[in-house]
Amino acid sequence: MSGYSADTRIRWTEWLPWVAAGAFFFLLPEYLSLGARILIFILFALSLDLILGYAGIITLGHSAFFGLGAYTAGIVSTQLAINEPFVQLAAAAAVAALLGVATGAVILRTRALTLLMLTLAITAILLEVANKATWLTGGADGLSGVKVDPILGFFRFDLYGKTAFLYCLIALFLGWWVVRRLIYSPFGAMLTGIRENTTRMHAIGAPVYWRLVLVYTISATIAGIAGALLTQTNQFVGLNVLGLEPSGDILVMLILGGVGRLYGAFIGPVVYLIAQDYLAKQYPEYWYFGIGTLLIAVVLFAPGGILGLMDKWLPFFKQKSSARASAR
Amino acid sequence: MILYVISVGLSVTMGLMGFINLAHGVFAMAGGFILSTAMARFGVPFPLALVAAFVLVSLGSIFLEKTLYSRLYARGELSQVLFCIGLILVSMAVARLIYGNLAAPVFLPDYLRGQVQVLGRDFPTYRVYLIFFSSIIILSLWIGVERTRWGAMVRAAVDNRGMAQSVGINTKRLFMITFALGSGLAGLGGALGADILPVQWGYPFEHLVYFLIVVAVGGLGSLRGPFVAALLIGIADTACKYWIPALGAFLVYAATIAILLWRPQGLFGVRT
Amino acid sequence: MRLTRLIVLAAFALASSAALSQTVKIGFITSYSGLNGNLGPYMERAVRLYIKQHQKELPPGVKIELIIRDDTGPNPDKARQLAQELVVRDKVDLLAGVIFTPNAMSMAPIATEAKVPFVIMNAGTSVITTRSPYIARVSFTLWQSSFPLGQWAAKKYKTAYTLVSDFGPGHDAETAFMQAFKAGGGNIVASVRVPLQNPDWAAYLQRVKDAKPDTLFVFIPAGKTATAVMKNFSELGLGQAGIKLIGPGDITTDEELPNMGDVALGVTTMFHYSAAGDRPANKAFVAAWKKEYGANETPNFLSAASWDGTAMIFEAIRQQKGKIDPDKTMAIFKNWKFANSPRGPISIDPETRDVVQNEYLREVRKVGGKLANVEIETFATAVKDPWKEQQKKK
């Protein structure tokens, strides 16, 4: 069981991801669209880590917020002809937050399987709605013709994805900042308490339920923003942002990186998406096989994910005073 | 009805072992493939192929249980969920490698094809047969659980494992047998349903939601629960698609949410 | 001094070799997995067969490099990503292929922005070609087949029920058929749109049976889905109840007929290509296919379209001597005519960049012990996409 300290100073290792992102931008200009995709999923993974790793809520329905944010951003453009990127982003965040607080308030009274089922049912319903409401969402054809104005009037979303990459990077930075502050605050400490021993938290009078709803809503908002970013970089939304699959994917990415570690959310998507980009194209059957086996191996032998492994092998990186969750 | 046969095994497994086996669809898929291969490749007649599906999947599940699942009993739900996702992915890849992209072709024996007249309306023979067969399975299960000693042991272990163990019940072996039974039933269900729910490599993920719904709504650990749930869902789904095609599966999900909120432990589940 | 001369020589050599050897890169996106994942190879094989047979017609020093990608089914998100990578990373000169409409739609803006000609070899929703000036389609549109079918059906049947998959092509087929059928005096009893993936056919078909129409018009993605519908149609006894099954040729595709079995006998369809067509060009095409890929293999409409598309690309390569300029290429595409396609004479309409071809009325019959789409009559010649024709009048 890890201790928790209020040391909020940023360790030098925490700047590495941003340096790496910068290097990526300059060294690999042809892969920027993949890079933007990775950044978006890191943001998504962060939002999931908030409730999974820190609050202990297992969900298979997080794609609901991601997808809702994605579609909102798109629909704002196609139906309301509002192409200003920040407005689209804000709209997506607001709608996702709304769904987050609405569903959270209702379903967070349940636990375990019931909760899991409810999250799944919600994303399934959204998928069904998106599928049927062709006039709004494009249905199975997807929502095309989404327009995004140049950011601040200058930076156009170009084919190479330069603008998209930097845009997502900044969004990710802000999201990371928010999440990090949250985790290192008394609020974060309480989340850890809820995760580790709910009964005792109730006993000491902590408003468990409302805190959970709050963190769930925050997580939903961030996921919604990530979804909107996806729509804006592609100028397109398809049905595959909703349903079981993206939820499962992001869960796998997070586990791979390491749950409850903040940076697991960074490493997981990077490894997963790069591997997928290369392997899935060459050997689609073997891709599933490989990723499945890897997952099983991780669960059985490396419960802390990649970061957990790094802990064992590279004590140098071990954070002594950090709000790290021990793996279950 | 297929849903029931497949899901009852899941309900028992989850209720008994507290293990969220999302990979249950894998066993169903395996059953479907075994049936198809047995009939197409080896010319095995339909009823025998069904038996083969049941037996082979049961045996296979025992192997999996011993090697992999048993390590995860003590671990948290998250690990179990992830393990199952991993298992699903691996099995999907294997299925694709062996069977390619196509659905397993199923050629029903002639006596099961066509239509049959029941109460003045035409019904597809096969579906009538399915209802009939599933009812027999339910009956056997019910008798098995309610009336036999083994059933009593299972129920005891579900209710209170510690007590059951101290009374001398070998829970480990019980789990293994029950898991095998549950998985075998899944295989049987998959095989039976192969004509209606085509069996192909994406099967475990595609139908996962439905299996889970049946189990969650029915209630963990109960036998009647999934039956009622599957019945309700099946009827609601078909009726909805018949009367209001525009709503489709929407109703099923909405109903699930409503039921789960009203009774989080499911219709017949045991409140812990 | 010596160094400068060396450099000049090297540059000269490089330049002349570049002039001598030109590689035309074609980014080929189709489906090898997912819904209709078995159809991708039919397109790829046709392209490769054409290249193999017509290799010598290429200008000297010009090679073709085919870069193949799997869009895993109707996944517009993935298709767009693949197209972007092909254009940015692999720097392809042309994009080609695409089975599914949603995929083509999401790729269109990329073709426009990068100015890469995009030859569509299947996706059949009418509106696609309007989405980018760099799109040329050699395959077909649902209107081309469903509209004439509606005209034909109105003369034979009084009432019809339509059942289509809920996506672009399905909507097109439904609208086209309904319009023509009603204009011909027919009455549409009801219309239903079913989900693209895994719908429960029994429920829908039972409803059709209860409505007792004279004919049932169906459009679903070609291949496995069609077989499922056929089976359910037969199992529920709709044929015995006197309901005739009709639709565009997508419902009885040549490669799937053997799997459907006798259930498919008598189904009437309207389409631009049948492997059983007895044109000399088609006979040669089918023979070459069987020789290359096996006596039990048959080409289908996707193969025919891909074959023709490759022919069109070859024309562009020949005229430009291997240097693909996007706008010149589009000009060549717009004026392309091909009298010897396996489907009969085809051409591209310069106004819409869409294909113009004949439509044949066919029936599934047993020929030589095997099921085939026998072309009963050439129902219409040089059919332009009716939807776009109507748009012009507005």
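A residue is called buried when its relative accessible area is under 20%, exposed when that area is over 50%, and partly exposed in between, using a 1.4 Å probe and protein chains only. At 14% relative accessibility, Thr217(A) therefore counts as buried. The model discussed here is predicted, so that local features need pLDDT of at least 70 and side-chain atom pairs count only at pLDDT 80 or more, while totals for chains, interfaces and linings use all residues. Residues are numbered from 1 along each chain as its sequence is written, chains are lettered from A and ligands numbered from 1 in the order in which they are written, and side-chain values use heavy atoms, with hydrogens and water left out.

**Thr217 and its surroundings**

Helices (H or I, at least four residues) and strands (E, at least two) are DSSP runs numbered from the N terminus, and Thr217(A) belongs to helix α10 of chain A, which covers residues 208-234. A polar atom of the Thr217(A) side chain lies 2.7 Å from the backbone oxygen of Val213(A). Where contact means heavy atoms within 4.5 Å, and leaving aside residues up to four places away in sequence, Thr217(A) touches Ala97(A), Gly100(A) and Val101(A).

**Chain B as a whole**

Chain B has 11 helices and 2 strands, which follow the pattern α-α-α-α-β-β-α-α-α-α-α-α-α when read along the sequence. Of its 272 residues, 55% count as buried. Among contacts in chain B between residues at least 6 apart in sequence, 72% join residues at least 24 apart.

**Chain A against chain B**

The size of an interface is often given as the accessible area lost when the parts come together. Here buried area is the accessible area (1.4 Å probe) that two parts lose on being put together, summed over both. For chain A and chain B this area is about 3700 Å², with carbon and sulfur atoms giving 84% of the total. Leu113(A), Met117(A) and Tyr288(A) supply 16% of the area that chain A buries against chain B, more than any other three residues. The contact takes 39 residues from chain A and 44 residues from chain B.

A salt bridge is a side-chain nitrogen of Lys or Arg within 4 Å of a carboxyl oxygen of Asp or Glu, and the count between chain A and chain B is 0 salt bridges. A polar contact is a pair of N or O atoms within 3.5 Å, where within protein one must be able to donate a hydrogen and the other to accept it, and where residues adjacent in sequence count only if both atoms are side-chain atoms. Between chain A and chain B there are 0 residue pairs in polar contact with both residues at pLDDT 80 or more. On the chain A side, α5 (112-132), α11 (244-257) and α13 (284-301) each supply at least two residues. Ala, Val, Leu, Ile, Met, Phe, Trp, Tyr, Cys and Pro count as nonpolar, Asp, Glu, Lys and Arg as charged, and the others, Gly among them, as polar, and by these classes the side of chain A that touches chain B has 30 nonpolar, 4 polar and 5 charged residues.

**Chain C against chain A**

The area buried between chain C and chain A is about 2300 Å², of which carbon and sulfur atoms give 47%. In chain C, the residues that lose the most area to chain A are Asp77(C), Arg89(C) and Glu113(C), which together account for 28% of what that side buries. In terms of contacts, 25 residues of chain C meet 23 residues of chain A.

Chain C and chain A share 1 salt bridge, in which Arg89(C) pairs with Asp277(A), the closest N and O atoms being 3.4 Å apart. Across this interface there are also 4 residue pairs in polar contact, both residues being at pLDDT 80 or more. The elements of chain C that give two or more residues to this side are α3 (76-88), α4 (101-114) and α6 (168-183), and the largest share, 9 residues, comes from α3(C). This side of chain C divides into 10 nonpolar, 6 polar and 9 charged residues.
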